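Subject: Handing over the structure

Dear colleague,

Here is the structure that I promised to pass on to you. Please look it over first, and then read on for what was found in it.

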Amino acid sequence: MQIGLLCLLFQTIFATVMAEDLNIDKSQGKLEKYRQLRPQIEALITGESDPLANASNLCAALHEAFDFLWTGIYRVVDGELVLGPFQGPVGCTRIKKGKGVCGTAWEENRAIVVEDVDSFPGHIACSSMSKSEIVLAIRNASGDVTGVLDIDSDTLKAFDQSDAHELEKIIALIEPFEGL
Ligand code: SME
């Protein structure tokens, strides 16, 4: 009887931990990986209203699913972009409006796909390993940019408009939460 109870307890703990693990078939193409990932991010943040916790898990899930070089969020704080939750090598701490890919995406309130970072005038190189990049605006309910999602890859042309489209849908999961 006691062994049975112990087994039940172990199964419950194990199931709880496993529910937090991502389940992505990495042999699939990127669109299928986005399709698998989005509901899992949604499940991770459902019931949690803390914007920092949700943004952190969103970055971690994207980073793990795609093995990007760097995945993170910069927040608009007092007129500058300031580093927020991220996964990967250390990043630049502050970026001014209109500077680099991130500051440009903020200023122009749009997604920017950079196939080759060396061809983007003013690109800010936080890591010499970064070869291509995508940055998307994160907006509040009024449509103002409150931050950006920045993803870097160590391969050229890693991103295209299909990534922008899928990532917009993923960002929409955290956009209702303000105050990053
Ligand atoms: N490359 C970015 C800077 C941020 S790092 O890549 C993490 C830019 O040009 O804005």
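Leaving aside residues up to four places away in sequence, Ile-112 touches Val-101, Thr-104, Ala-105 and Val-135, where a contact requires that the C-beta atoms of two residues, placed from the backbone, lie within 7 Å. Ile-112 and Asp-160 are 48 residues apart in sequence, yet 9.3 Å apart in space, C-alpha to C-alpha.

Two notes on reading the model: residues are numbered from 1 along each chain as its sequence is written. This is a predicted model, in which local features need pLDDT of at least 70 and side-chain atom pairs count only at pLDDT 80 or more, while totals for chains, interfaces and linings use all residues.

The mean pLDDT of the protein is 91, and 89% of its residues reach 70 or more, pLDDT being the predictor's confidence in each residue, from 0 to 100. Over residues 12-18, however, the pLDDT is below 50, and this stretch has zero contacts in the model beyond near neighbours in sequence.

As for the overall arrangement, the protein has five helices and six strands, which follow one another from the N terminus in the order α-α-α-β-β-β-α-β-β-β-α. Of its 180 residues, 32% count as buried, and among contacts between residues at least 6 apart in sequence, 53% join residues at least 24 apart.

Helix α2 (residues 30-45) has 16 residues and should span 22 Å at 1.5 Å a residue, which agrees with the 22 Å between its end C-alpha atoms; the expected span is 1.5 Å times one less than the number of residues. In α2, Tyr-34, Leu-37, Ile-41 and Ile-45 are buried, and the buried residues of this helix pack against α3 (51-66) and α5 (161-171). Just after α2, Gly-47 takes a positive phi of about 90°.

Turning to the strands, β1 (residues 70-77) and β2 (residues 80-87) pair in the antiparallel sense over six bridges, where pairing requires that DSSP finds at least two bridges between two strands. Tyr-74 stands opposite Leu-83 in β2, and the hairpin that β1 and β2 form has two residues between the strands, with Asp-78 in the turn at a positive phi of about 50°. Strand β2 also runs antiparallel to β3 (residues 94-96), joined by three bridges, and the bridge partner of Leu-81 in β3 is Ile-95.

How values were computed
Helix = DSSP H or I, 4+ residues; strand = E, 2+ residues; numbered from the N terminus. Buried ≥ 20, exposed ≤ 12 C-beta atoms within 10 Å, placed from the backbone.
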